[in-house]
Amino acid sequence: MKLVKLVLFSIVALFVIVCFIGILLPSKVLVSRAVNITADKDSIMPLVRNIHEWGQWMEGLDNASGQVYSDTHARLGNTEVKIGTVTETSVVSTWVNQKQQLQTSSITFIQNPHERLTIVQWQFEQELAWYPWERLGSMMNDKILGTMMEKNLNKLKARAEKNR
């Protein structure tokens, strides 16, 4: 009987410790990458503001796993992507996966008026619930998302510099 009590107490104590560690982790995750493109912002913007053009530089939309429904709506694997706001300097979209987890993506263009160089910054932001497994799992977001973002930004750079 003492062994059963010890096991139960240990499981509860471990769960409380994991929850406490999870609460210490941030509730918002931000993954950001940037690339310098030797081209005007106006020549890069058409590749980003229209999802039909994303297949030229975004992995997943260049093959059968992606499906484009309109200029602002697509499915990328199990994720629904919708472009929401397009301004002169940014494109903001929402990404919702099959578990209904929402991520906000923003691609921002920073151009030096004296040079033909545009900095393209892409970031994903996600609000996390209090669940410890969700917060602990988010520690992998930078590695997983960041690698994909770098690859796609380099494809965007090659495509934009080829078009100039």
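Here is a short walk through this structure, from its sheet to the salt bridges between its side chains. The model is predicted, so local features need pLDDT of at least 70 and side-chain atom pairs count only at pLDDT 80 or more, while totals for chains, interfaces and linings use all residues. Residues are numbered from 1 along each chain as its sequence is written, and side-chain values use heavy atoms, with hydrogens and water left out.

Let us begin with the sheet. Strands of a sheet pair through backbone hydrogen bonds, either parallel or antiparallel. Here, 7 strands form an open sheet in the order S1-S7-S6-S5-S4-S3-S2, with antiparallel pairing. At its edges are S1 and S2, each of which pairs on one side only. From one strand to the next, the twist averages 20 degrees. Strands (E, at least two residues) and helices (H or I, at least four) are DSSP runs, numbered from the N terminus, and two strands pair if DSSP finds at least two bridges between them.

Ser90 has Thr108 in S6 as its bridge partner. Helix H2 packs on the sheet and touches S1, S4, S5, S6 and S7 (118-127), where contact means heavy atoms within 4.5 Å. The direction of H2 makes about 165 degrees with that of S6; axes are lines fitted to C-alpha atoms, for helices over the stretch in contact, and angles run from 0 to 180 degrees between N-to-C directions.

Now for the side chains. The count comes to 6 salt bridges, each a side-chain nitrogen of Lys or Arg within 4 Å of a carboxyl oxygen of Asp or Glu. One of them joins Glu150 and Arg33 at 2.8 Å, N to O. Arg33 is buried at 18% relative accessible area, whereas Glu150 is partly exposed at 40%; buried means under 20%, exposed over 50%, and partly exposed in between (1.4 Å probe, protein chains only).

A salt bridge also brings Lys41 and Glu88 together, at 3.8 Å from N to O. Lys41 belongs to H2 (residues 41-49) and Glu88 to the loop between S4 (79-86) and S5 (90-96), 47 residues apart. Lys41 is buried at 10% relative accessibility, but Glu88 is exposed at 63%.

Finally, Lys151 meets Glu59, with their closest N and O atoms 3.7 Å apart. Lys151 lies in H5 and Glu59 in the loop between H3 (51-54) and S2 (66-70), so this pair ties together parts 92 residues apart in sequence.
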